Amino acid sequence: MSRLKRVLLVEDDQVDALTVKRAFQDIGADERLIHMGNGEVALEYLNSKLNERPDLILLDLNMPRMNGIEFLTKIKHDERFNSIPVIVLTTSQDQGDVRASFSESVAGYMTKPLDFEHFCRTIQSIEDYWALNRLPGEAMEVF
């Protein structure tokens, strides 16, 4: 049973967003994916009391208005959001971006473009990880 209830995708490229959505469809989890087109609107989403907190954030780095590192820095320095795991999903292989991301405690760093089947396996392994581990504050399931 999955523990991921909501995944926030922060991605400005519509083709990449559709690829992520398709991967989530392939594992039967697309209803949990929330897509925001840049860091500013993603912050607005997180700050709204009307929206449920995501269990995971998939984050592109190269975006207009507020790039991924700026977004990451803001949420990781906000006690309301700093415990949300973030996986960077980007075209950047720049070591400065990798270091900046990990210095803000990302859970993972994946570079695009990825082979679609490999990407689906990666999404499935993320899903499996949460199925086997408790999120903070959750009770252990009894099988």
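In this predicted model, Arg6 and Glu52 form a salt bridge, their closest N and O atoms lying 3.2 Å apart. The two residues come from distant parts of the chain: Arg6 belongs to the segment before strand 1 and Glu52 to the loop between helix 2 and strand 3, 46 residues apart. Arg6 counts as buried because its relative accessibility is 17%, and buried means under 20%. Glu52, by contrast, has a relative accessibility of 52% and therefore counts as exposed, the cut-off being over 50%.

A search of the whole structure finds three salt bridges, which are set out below.

| Salt bridge | Closest N and O atoms |
|---|---|
| Arg6 and Glu52 | 3.2 Å |
| Glu40 and Arg65 | 2.8 Å |
| Asp78 and Arg80 | 2.6 Å |

The pair of Glu40 and Arg65 forms a salt bridge that also links distant parts of the chain, with Glu40 in helix 2 and Arg65 in the loop between strand 3 and helix 3, 25 residues apart. At 29% relative accessibility Glu40 counts as partly exposed, whereas Arg65, at 57%, counts as exposed.

Helix 1 comprises residues 14-26. The N-terminal end of helix 1 is capped by Asp13, which places a side-chain oxygen 3.0 Å from the backbone nitrogen of Val15. After helix 1 comes Gly28, with a positive phi near 75 degrees.

The largest nonpolar core contains 23 residues, and those with the most contacts inside it include Leu8, Leu46 and Phe71. At least two residues of this core are supplied by each of strands 1, 2, 3 and 4 and helices 2 and 3. Helix 2 gives the most, with four residues. Leaving aside residues up to four places away in sequence, Phe71 touches several residues, among them Val10, Ala42, Leu46 and Ile57. A second, separate core has 18 residues, including Phe24, Leu89, Met110 and Phe116.

Technical notes. Residues are numbered from 1 along each chain as its sequence is written. This is a predicted model: local features need pLDDT of at least 70, side-chain atom pairs count only at pLDDT 80 or more; totals for chains, interfaces and linings use all residues. Side-chain values use heavy atoms; hydrogens and water are left out. The expected span of a helix is 1.5 Å times one less than its number of residues. A polar contact is a pair of N or O atoms within 3.5 Å; within protein, one must be able to donate a hydrogen and the other to accept it, and residues adjacent in sequence count only if both atoms are side-chain atoms. A nonpolar core is a set of buried Ala, Val, Leu, Ile, Met, Phe, Trp, Tyr and Cys residues joined through side-chain atoms within 4.5 Å. Buried means under 20% relative accessible area, exposed over 50%, partly exposed in between (1.4 Å probe, protein chains only). Contact means heavy atoms within 4.5 Å. A salt bridge is a side-chain nitrogen of Lys or Arg within 4 Å of a carboxyl oxygen of Asp or Glu.
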